[in-house]
Amino acid sequence: MSKLIPDIFALIIKELDNDYNTLFRCLLVNKLWCKLTIPILWKDCLSHNSKPISHEKNISLIKILFSFLSEESKNLLIMNEINLSFIQTQTPLFNYISYCKSIITFDVTEVIKNCFESPLSQNQKNIIDKEFYDMVFDKCSYLNRLGIFHKLCYKKYDMVNFMKLKDNLSNLVELTCTQYIDERIFYNLAEICVNIKKLELRGNNQNNNQGLIKLIEVQKKLEYFTYGGKRGQNWDNFCEVIGQALIKHKNTLKHIHGKTRLCIPLNILYSFVNLETLTLGYSTKTMDGLHLVKLPKLLKLRVCHLTEVKELIQNTSGYLKTIDIHNQFAKKNITEDIIQIVIAIYQNCPKLEHLCIPFVDTIDDALGDLLVHCNQLEYIQIYGGFPSDESLNGDVILKILSKSTSKKLERIEMKGSWKFSVDPLKEFLNDLKERNYSLYFKFGLNYDCLNEEFSSIIQNFVDDNVLRINPLDYL
């Protein structure tokens, strides 16, 4: 029993992963709770994915971590006339750095530059950065996420040395990096890390980056690939090479996100038959041939351009649950495309739960039919057209939304400058009173509508628990 209780506490505390306020309270309960909570609070201490912290707290964090430098490293810093008075002298109660599971590289000296009376020379900065990251990679015994970005790529010292034969990188499952870091880093990672599940590339693509290609090819179970980079030289050749490297993972790859643009030729994309998520970013403009792509297991689709999207939806097997169409860059001539896509959705996506779509003229019938047929819908977002300051007829949307047959619809968002009349708004909200749960209803508003009567009506429905929030609080 004495062993069981700590194990149960540990499972409970792990469930509080991102609830920092509660975790800090757990520290104060007793020694056991403190011991169980510390590893959770420190696992993302060097990751931008953790809770954002102020610059002052960031400095305090780095000071604590510097206290783990070896005596040899400290002597090296002293020999190079680097004042160590900023380092915490008291030995920490816990080996905090060993709990770190995620690292996003950054310029350490930039964070702590105010700790020194006089500016550091470039050589001193290089030494500090090198000793810090040598210590981090040495003491972080189980890293599962790593981010390598450009600030360290231009240092005079060789960052490749950080990664040579580092056993603690063998457990890496997530890697985010720029493409223009030293190619040898990719080769070293390819020797060490073969279990990466999530890979994200940023920055301009580089020519003949065989190290990157090698790293992609050697993975055993790559599931997520994200491209958030820019278009560099020889783009078409780069896409072909990346596509050929990724096709080796056609059986395991389930998520492809082209945040900015798709870097895989469409004649290769159709090979990923197990794909569940696809994002075609705002710079993915050339999609001729998308109508030939068949993705029978696709669950989530996000697109920013409309070319052949209707055909892509038709070529799925009815499993799509999320469709986001963010066509904010198109200014005209999209009405018919949007309507045809809406028709394709309700004809082919009976399991749809989440929909984001632009409002266009004459969408009434098609969107109404969708709300009748897609009775699993939980969330819908409708955003206004162009220009952005153009007033939109909210009464039309309320009439369309009233056709919904979904008993699960609990969140509606309308972005743009919407105009509502009092009576249609009251009729729509009164119809919601029969539901046994409140609606999250949020909208942008043309301020010509905003008056005391309008505000009072909204507040009354909030008080009656028809509305979960007061949308006027978010204007």
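Start by selecting helix H14, residues 364–373: its buried residues are Ala366, Leu367, Gly368, Leu370 and Leu371. Buried means under 20% relative accessible area, exposed means over 50%, and partly exposed is in between (1.4 Å probe, protein chains only). Helices (H or I, at least four residues) and strands (E, at least two) are DSSP runs, numbered from the N terminus.

Before you go on, know that this is a predicted model: local features need pLDDT of at least 70, side-chain atom pairs count only at pLDDT 80 or more, and totals for chains, interfaces and linings use all residues. Residues are numbered from 1 along each chain as its sequence is written, and side-chain values use heavy atoms, with hydrogens and water left out.

Stay with H14 and show its surroundings. What do the buried residues of H14 pack against? Look for helix H13 (335–348), strand E10 (354–358), strand E11 (379–383) and helix H15 (394–401). Contact here means heavy atoms within 4.5 Å.

**Zoom out.** Show the whole protein chain, with its 17 helices and 14 strands. Of its 475 residues, 50% count as buried. Take the contacts between residues at least 6 apart in sequence: 68% of them join residues at least 24 apart. The chain exposes about 23,800 Å², and carbon and sulfur atoms supply 47% of that. Accessible areas come from the Shrake-Rupley method with a 1.4 Å probe; for residues, only the protein chains shown count as cover.

**Next, some strands.** Select E3 (residues 174–178) and E4 (residues 198–204): they run parallel, joined by 5 bridges. Two strands pair if DSSP finds at least two bridges between them. Click on leucine 175 and you'll find its bridge partner in E4, leucine 199. Now trace the chain from E3 through helix H8 (residues 183–192) to E4; this β-α-β crossover is right-handed. That label means that, with the strands pointing away from you, the path from the first strand over the helix to the second runs clockwise. Arginine 202 has glycine 228 in E5 as its bridge partner.

Pick valine 218, in the loop between helix H9 (210–217) and E5. Valine 218 counts as partly exposed because its relative accessible area is 23%. Leaving aside neighbours within four places in sequence, valine 218 is in contact with Ala190, Cys193 and Val194.

**Two loop stops.** Go to glutamate 81, in the loop between helix H5 (71–79) and strand E1 (102–104). Its phi is positive, about 60 degrees, although it is not a glycine. Most residues other than glycine have a negative phi. Jump to glutamate 308, between strand E8 (300–303) and helix H12 (309–314), where phi is also positive, near 60 degrees. Which glutamate is buried or exposed? Glutamate 81 is exposed, with a relative accessible area of 69%, whereas glutamate 308 counts as buried at 18%.

**Last stop: the surface.** Select Tyr447, Leu450 and Leu475, which make a nonpolar surface patch of about 290 Å². Patches are made of residues with over 30% relative accessible area and no salt bridge; like charges are joined within 9 Å, nonpolar side chains (Val, Leu, Ile, Met, Phe, Trp, Tyr) within 5 Å. A salt bridge is a side-chain nitrogen of Lys or Arg within 4 Å of a carboxyl oxygen of Asp or Glu. Tyrosine 447 is in the loop between strand E14 (440–445) and helix H17 (452–463), and counts as exposed at 54% relative accessibility.
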